[in-house]
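Thanks for coming, everyone. Let me put the structure up, and then we'll walk through a few places in it.

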Amino acid sequence: QVQLVESGGGSVQPGGSLRLSCAASGSIFSIDTMRWYRQAPGRERELVAAITRSGSTEYVDSVKGRFTVSRVNAKNTVYLQMNSLNAEDTAAYYCNADVLVTARSSGTYWGQGTQVTVSS
């Protein structure tokens, strides 16, 4: 079993910052790509940022220059630093990871989500 647990969500005023964390635990051989998704009410879930094990990153256009994804492989943890937040960033944020449970078995796992609300 593999568990992903997000933390760091909350309410913030426009222009503020938050840092999300997602820690993976359980039967983990290694973790390949880790991702952050978000889903706002009435909208489809969208990929916000991704980072490979070697540190290559990608972002959705709407967060480029404002969000930074990083990870600490030794801790099986991925972070999302979110700056200059605006109301459009309000959503539930989900962590996602491609996990090698053994050298020959892998799967994609999701966290339970953490809410980010940007409001004055």
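One term before we start: contact here means heavy atoms within 4.5 Å. Also keep in mind that this is a predicted model.

Let's begin with R71. R71 sits in strand β7, which covers residues 67-72. Who does R71 touch? Leave out residues up to four places away in sequence, and the list is I31, D32, T33, M34, I51, T52, R53, T77, V78 and Y79.

Now, R71 is buried, yet it has no salt bridge. A salt bridge would need a side-chain nitrogen of Lys or Arg within 4 Å of a carboxyl oxygen of Asp or Glu. For R71, the nearest side chain of opposite charge is D32, and that is 5.7 Å away. What does lie by the polar atoms of the R71 side chain? Two backbone oxygens. The oxygen of I51 is 3.2 Å from a polar atom of that side chain. For the oxygen of T52, the distance is also 3.2 Å.

Next, the core. The largest nonpolar core has 28 residues. W36, V48, F67, V78, L80, M82 and Y93 have the most contacts inside it. Which strands supply it? At least two residues each come from β1 (2-7), β3 (18-26), β4 (30-39), β5 (46-51), β7, β8 (77-82), β9 (91-100) and β11 (114-118). β9 gives the most, with 5 residues.

V48 then contacts W36, Y37, R38, E58, Y59, V60, V63, F67, L80 and Y93.

On to the disulfide. The structure holds 1. C22 and C95 form it, with their sulfur atoms 2.1 Å apart. The pair links distant parts of the chain: C22 is in strand β3, C95 is in strand β9, and they are 73 residues apart. Which hand does it have? The torsion about the S-S bond is about -80°, so this disulfide is left-handed. Are its two cysteines buried or exposed? C22 is at 0% relative accessibility, so C22 counts as buried. C95 is also at 0%, so C95 counts as buried too.

Last stop, S27. S27 is in the loop between β3 and β4. S27 is partly exposed, at 38% relative accessible area. Beyond its neighbours within four places in sequence, S27 contacts Q1, V2 and V101. S27 and V99 are 72 residues apart in sequence, and their C-alpha atoms are 9.2 Å apart in space.

That's the tour. Questions, please.

Terms used
Residues are numbered from 1 along each chain as its sequence is written. This is a predicted model: local features need pLDDT of at least 70, side-chain atom pairs count only at pLDDT 80 or more; totals for chains, interfaces and linings use all residues. Side-chain values use heavy atoms; hydrogens and water are left out. Helices (H or I, at least four residues) and strands (E, at least two) are DSSP runs, numbered from the N terminus. Buried means under 20% relative accessible area, exposed over 50%, partly exposed in between (1.4 Å probe, protein chains only). Lys and Arg count as positive and Asp and Glu as negative; His and the chain ends are not counted. A polar contact is a pair of N or O atoms within 3.5 Å; within protein, one must be able to donate a hydrogen and the other to accept it, and residues adjacent in sequence count only if both atoms are side-chain atoms. A nonpolar core is a set of buried Ala, Val, Leu, Ile, Met, Phe, Trp, Tyr and Cys residues joined through side-chain atoms within 4.5 Å. A disulfide is a pair of cysteine sulfur atoms within 2.5 Å.
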